[in-house]
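The sequence and the model are shown here for reference.

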Amino acid sequence: MRYMLLICGSPHPGTDGCDDPLDEKTQAWVDEMTARGVRLSGSRLRSTATATTVRHREGELLVSDGPFAETKEQILGYDLIECADLDEAIEVASKHPVTKFATIEIRPIWPTP
């Protein structure tokens, strides 16, 4: 089953640079999970200041700058994994170094027909 790991937390100032390499612990996690064949893809996200929100309301297209909701925590990144079950997904997420300062939400993905 595929799961999306949503990495949520408070952004750290100055961490929006797309050329910043992953820290050693995170890179080690990426390498390990890729070698195990459970990590399919993932990336950090730029700050909510770069977000654009799109929605339709009463037949009108509304496009606005920024996220849909103002919150203290934001989605900082994601990883798409494929595991045998939720127990393995929890084990994979628990090894991610960001759990020391952020939260990882594990969401099963609906299979596409």
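## A strand and its partners

In this predicted model, L6 stands opposite Y78 in β5, where strands are DSSP runs of E with at least two residues and helices are DSSP runs of H or I with at least four residues, both numbered from the N terminus. Strand β1 (residues 2-9) and strand β5 (residues 74-82) pair in the antiparallel sense over eight bridges, two strands being taken as paired if DSSP finds at least two bridges between them. R2 of the protein has E82 in β5 as its bridge partner.

Strand β1 also runs antiparallel to β6, to which it is joined by six bridges, and here M4 stands opposite R107 in β6. Six of the eight residues of β1 are buried, so the strand is largely enclosed by the rest of the structure; buried means under 20% relative accessible area, exposed over 50%, and partly exposed in between, with a 1.4 Å probe and protein chains only.

## The sheet and the helices

These pairings belong to an open sheet of four strands in the order β2-β5-β1-β6, with antiparallel pairing. Its edge strands, β2 (39-44) and β6 (103-108), each pair on one side only, and the twist averages 20° from one strand to the next.

Helix α1 (residues 24-36) lies across β1, β2 and β5 and runs at about 160° to β2, the axes being lines fitted to C-alpha atoms, for helices over the stretch in contact, with angles from 0 to 180 degrees between N-to-C directions. Helix α2 (residues 86-94) packs on the sheet, touching β1, β5 and β6, and its direction makes about 155° with that of β6; contact means heavy atoms within 4.5 Å.

## The protein as a whole

The protein has two helices and six strands, and from the N terminus on its elements run β-α-β-β-β-β-α-β. Among contacts between residues at least 6 apart in sequence, 75% join residues at least 24 apart.

Of the 113 residues in the protein, 26% are buried. The protein exposes about 7,900 Å², of which carbon and sulfur atoms supply 55%, with accessible areas taken from the Shrake-Rupley method with a 1.4 Å probe, and only the protein chains shown counting as cover for residues.

## Basis of the values

Residues are numbered from 1 along each chain as its sequence is written, and side-chain values use heavy atoms, with hydrogens and water left out. Because the model is predicted, local features need pLDDT of at least 70 and side-chain atom pairs count only at pLDDT 80 or more, whereas totals for chains, interfaces and linings use all residues.
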